[in-house]
Amino acid sequence: ALGFDLLLLAPRKRFAAGTYERTQELIASEVLTLAADTESAWLRYAAALEVSEIAGRMLQAANAAAEFARRTHDAGNFSELELLTQQTAAARAEVAATRAANASLEAKFELHRMMGLSGAPTWSVAPLPAVPAAAEDALDALLELGATRRADLSAARKEVELLADALKVAKRWRWLGAVSVGVEREGEVDGVRLTGPTLALALPIFHQGQAGIAEAEYRLEDSRARLRALAASIDGAIRFRHEHVLATRRIVETYQKSLLPQNEVIVDRQQERQNFMFIGQFELIAARVGQYEDERAAAEAGRDYWLARVELARATGGRLPSDSGVKP
């Protein structure tokens with residue numbers, strides 16, 4: 001048996017080296033996944049902070065309207081229905097502000113967990129980038145990146161190479177015994193992970209190894225099929241994520257170029273009209289609340305845009321070339 005083991009020494013060394021390279025690729029893929037998940041958690045927390053701050057301003061405006069309504073009602077110039085309407089709006093704003101603050105706290109603890117920290121979070125984060133990237137990346141360039149630098153795709157290619165080598169070994173040594181080609185698997189909480197091809201030469205040697213060759217051919221074809229499926233999945237993910245980035249960018253730009261500037265003008269004009277007593281306090285507050293609502297929506301749109309870029313980067317296997325154009 002020892003002699004036959006020596007026959008497979010060189011192939012086993014190749015398999016060991018190839019499996020080591022494949023494992024490195026898989027580890028790199030997991031590290032990239034962790035980095036993307038952590039960046040997403042930061043983006044969600046930074047956006048939640050901004051939304052919570054805006055919700056606080058909306059609450060202040062609603063409380064001011066409710067207080068003004070109470071004083072006007074007490075003076076006999078406001079109906080009970082009008083007072084209840086303003087008080088109800090203030091109560092809703094308080095619920096919204098509380099929910100926003102709680103969402104911010106939840107996002108902070110999630111980021112705390114993602115960073116592997118314990119105890120109470122005492123750190124702070126930078127705000128979301130104020131504007132989109134200077135330009136978005138071309139789809140063809142991203143598809144090429146995904147095809148060349150995705151670590152899991154490289155690992156899948158390495159597996160095909162190893163199994164193809166194993167098939168050659170099985171055919172070469174089929175007269176000596178039953179050459180077995182398989183895969184090692186290890187259990188995980190969420191499933192089973194492939195760890196690499198295996199190769200064994202069994203005795204006695206009373207057959208031509210047809211079963212071993214058939215097994216090796218099956219393993220190779222199965223690996224090739226999974227490689228093709230992964231490549232197609234990566235291609236589709238990049239195409240979708242690229243379109244998603246473009247769509248979310250258009251939404252952000254609409255807020256930045258149209259809605260937010262227009263709201264500023266509206267509030268300024270309403271302030272002027274209120275100064276000249278053409279409108280009342282409630283109309284001015286309503287204009288400010290509308291401005292705050294669009295600011296909150298803009299913050300959420302900005303969050304969605306940056307999250308879309310993180311997912312596009314994940315699909316391509318690394319940072320996007322256009323990240324150099326991102327302004328803090």
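Author: One term comes before the rest: contact means heavy atoms within 4.5 Å. Leaving aside neighbours within four places in sequence, S223 has such contacts with A156, E159, V160 and L163. The model is a predicted one.

Reader: Which residue makes a polar contact with the side chain of S223?
Author: S223 lies in helix α6. E159 is among the residues that S223 touches. The polar contact joins the two side chains at 2.8 Å, and the partner is E159.

Reader: Is S223 buried or exposed?
Author: The cut-off for buried is under 20% relative accessible area. S223 has 2% relative accessibility, so S223 counts as buried.

Reader: What is the order of helices and strands along the chain?
Author: The chain has seven helices and two strands. Read along the sequence, the pattern is α-α-α-α-α-β-β-α-α.

Reader: What share of the contacts with a separation of 6 or more comes from residues 24 or more positions apart?
Author: The chain has 328 residues, and 38% of them count as buried. For contacts with a separation of 6 or more, residues 24 or more positions apart account for 78%.

Reader: How do α2 and α7 run relative to each other, roughly parallel or roughly antiparallel?
Author: Two packed helices are described by the angle between their axes and the distance between the axes. Helix α2 covers residues 9–74, and its axis lies 10 Å from that of α7, at an angle of about 175°. Angles over 145 degrees count as roughly antiparallel. α2 and α7 are therefore roughly antiparallel.

Reader: How many nonpolar residues are in the contact of α2 with α7?
Author: The contact belongs to a helix pair with axes 10 Å apart. Its residues include three polar and 12 charged ones, and the nonpolar ones number 20.

Reader: What distance does α7 reach from its first C-alpha to its last?
Author: Helix α7 covers residues 281–316 and has 36 residues. At 1.5 Å a residue, 52 Å is expected. The model comes close to that, with 53 Å.

Reader: Which residue follows α7?
Author: Its phi is positive, near 90°. The residue is G317.

Reader: Where does M277 sit?
Author: M277 is not a glycine, yet has a positive phi of about 65°. Most residues other than glycine have a negative phi. M277 is exposed, with a relative accessible area of 72%. Its place is in the loop between α6 and α7.

Reader: Which residue's side chain makes a polar contact with the side chain of R309?
Author: R309 lies in helix α7. At 4% relative accessibility, R309 counts as buried. Beyond four places in sequence, R309 touches A133, E136, V245, L320, S322, D323 and V326. The side-chain polar contact is at 3.0 Å, with S322.

Reader: Why does E82 count as partly exposed rather than buried?
Author: E82 lies in helix α3, residues 80–114. E82 is partly exposed because its relative accessible area is 37%.

Reader: Which residue's backbone nitrogen does the side chain of E82 reach?
Author: E82 belongs to α3, which covers residues 80–114. The side chain of E82 reaches that nitrogen at 3.0 Å, and the residue is S79.

Reader: What separates the C-alpha atoms of E82 and R70?
Author: The two residues are 12 residues apart along the chain. Their C-alpha atoms are separated by 9.5 Å.

How values were computed. Residues numbered from 1 in each chain as written. Predicted model: local features only at pLDDT ≥ 70, side-chain atom pairs only at ≥ 80, totals over all residues. Heavy atoms only, no water. Helix = DSSP H or I, 4+ residues; strand = E, 2+ residues; numbered from the N terminus. Buried < 20%, exposed > 50% of the residue type's maximum accessible area, 1.4 Å probe, protein only. Polar contact = N/O pair within 3.5 Å; in protein donor to acceptor, adjacent residues only side chain to side chain. Expected span 1.5 Å × (residues − 1). Axes fitted to C-alpha atoms, helices over the stretch in contact; angles between N-to-C directions. Parallel < 35°, antiparallel > 145°, perpendicular 65-115°, else oblique. Nonpolar A, V, L, I, M, F, W, Y, C, P; charged D, E, K, R; others polar.
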